[in-house]
Amino acid sequence: MSKQQLGSEREFTDSLLTVTDLKKYYPVKGGILRRRVGDVKAVDGVSMEIHTGETYGLVGESGCGKSTFGKTITRLVESTDGSIIFDGKDITQLSKSEMNALRKDIQIIFQDPASCLNPRMNVRQLIEEPMSSLTDWSQEEKNKRVHKLIKDVNLSVEHLSRPPHEFSGGQQQRIAIARALSVEPKLIVADEPTSALDVSVQAKILNLLKNLQAEYNLTYLFISHDLSVIKHICDRVAVMYLGQIAEESPTQKLFEAPKHPYTKALLSSVPKIGGFQDDRIKLQGTVPSPENPPSGCRYHTRCQEYIGEICEEEVPKLKTIGEDNLCACHHY
């Protein structure tokens, strides 16, 4: 990709999704009476703003809460606290029927297409099902859209009569993408959509998503643990650690000049041709449990830029660093 094509070179103004202090806690029960004895703080006070037409990346280690965040903003799981303003409406305050009316505007693509495609349906039925549930379109309108979508994801009309198990993993993900697009959504949450695919297939799916974004004026929240994928497709990136945002930055700036110690460690772990970087940062220990996270800065138990008791006692705020970087670190 040329510099002009890089997502980080584009500018966006209108806000489609604004998340403020979002929390999702899962109760932990123990004892004979199975009483609540604590919480798993999967998402703990996350705030972000996603603009219309952009691809916003969310990256972090497995178990950091990024997939839970994606499911929470679509209300596949209910939030514990915080607000989710989508297209001017706080969807946390909507009733079930009101939310169902809004579901066509927010769709999700899952990591494993084989597990989310009903094996008893053929491809036509899979793509048409959301339209039947969420729109009042005529059968003729649905047929036209099914035919257009199957071609847009580089499959053929002949594939419509076949069941999903007859397709490869990459083809199954194309079908899942067509299904997500079927109801003309504004926002698509792509939850690790390429991690189950071969590397050669990943690139084709990523390029397909970029092409569809331009054609359908889509906005993506792209969740991944793969930094090379994030670099290829995203305009801005938020780095998540143990349920909280550590850093947010335009993609190009994040890779060129990371601010947070955790971001630096992640980027140093990306393999280069011939092996890892000479200055690779090797983190000590393991990720703490979200049930009992460290006090203060949650990263201080593994941080190599630790500066004292403030790291252990005070939670760092996500502050503006420079022109358009946000960083939650006492070091800055």
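Select Lys 144, which counts as exposed at 57% relative accessibility; here buried means under 20% relative accessible area, exposed over 50%, and partly exposed in between, with a 1.4 Å probe and protein chains only. Accessible areas come from the Shrake-Rupley method with a 1.4 Å probe, and for residues only the protein chains shown count as cover. This is a predicted model in which local features need pLDDT of at least 70 and side-chain atom pairs count only at pLDDT 80 or more, while totals for chains, interfaces and linings use all residues. Residues are numbered from 1 along each chain as its sequence is written, and side-chain values use heavy atoms, with hydrogens and water left out.

Lys 144 forms a salt bridge with Glu 140, and their closest N and O atoms are 3.7 Å apart. A salt bridge is a side-chain nitrogen of Lys or Arg within 4 Å of a carboxyl oxygen of Asp or Glu. The two residues are 4 apart in helix 5, so about one helical turn separates Lys 144 from Glu 140. Helices (H or I, at least four residues) and strands (E, at least two) are DSSP runs numbered from the N terminus. Glu 140 is also exposed, at 54%.

Next, select Arg 145 and Glu 184. These form a salt bridge with closest N and O atoms 3.8 Å apart. The pair links distant parts of the chain, 39 residues apart: Arg 145 is in helix 5, and Glu 184 is in the loop between helix 6 and strand 7. Arg 145 counts as buried at 12% relative accessibility, whereas Glu 184 is partly exposed at 44%. Check the backbone of Glu 184 as well: its phi is positive, about 55°, although it is not a glycine.

Glu 192 is another non-glycine residue with a positive phi, about 50°. Find Glu 192 in the loop between strand 7 and helix 7 (199-216). Is Glu 192 buried or exposed? Its relative accessible area is 8%, so Glu 192 is buried.

Move to Glu 305 and Lys 264, whose side chains meet in a salt bridge (3.1 Å, N to O). Glu 305 lies in the loop between helix 10 (261-268) and helix 11, and Lys 264 in helix 10, so the pair ties together parts 41 residues apart in sequence. Glu 305 is partly exposed at 24%, and Lys 264 is partly exposed at 23%. For a network, select Glu 54, Arg 236 and Glu 248, which are joined by salt bridges that share partners. The structure holds 14 salt bridges.

Now show the surface and select Glu 309, Glu 312, Glu 313 and Glu 314, which gather in a patch of negative charge. Such patches are made of residues with over 30% relative accessible area and no salt bridge, like charges being joined within 9 Å. Glu 314 sits in the loop between helix 11 (309-313) and strand 11 (319-321), partly exposed at 44%.

Pro 164 is in the loop between helix 5 (139-152) and helix 6, and is buried at 3%.

Finally, zoom out. The C-alpha trace of the protein chain spans about 65 × 55 × 40 Å along its principal axes. Of the 332 residues of the chain, 49% count as buried.

Terms used: Patch = residues over 30% accessible without salt bridge, like charges linked within 9 Å, V, L, I, M, F, W, Y side chains within 5 Å. Lys, Arg positive; Asp, Glu negative; His and termini not counted. Charge placed at Lys NZ, Arg CZ, Asp CG, Glu CD.
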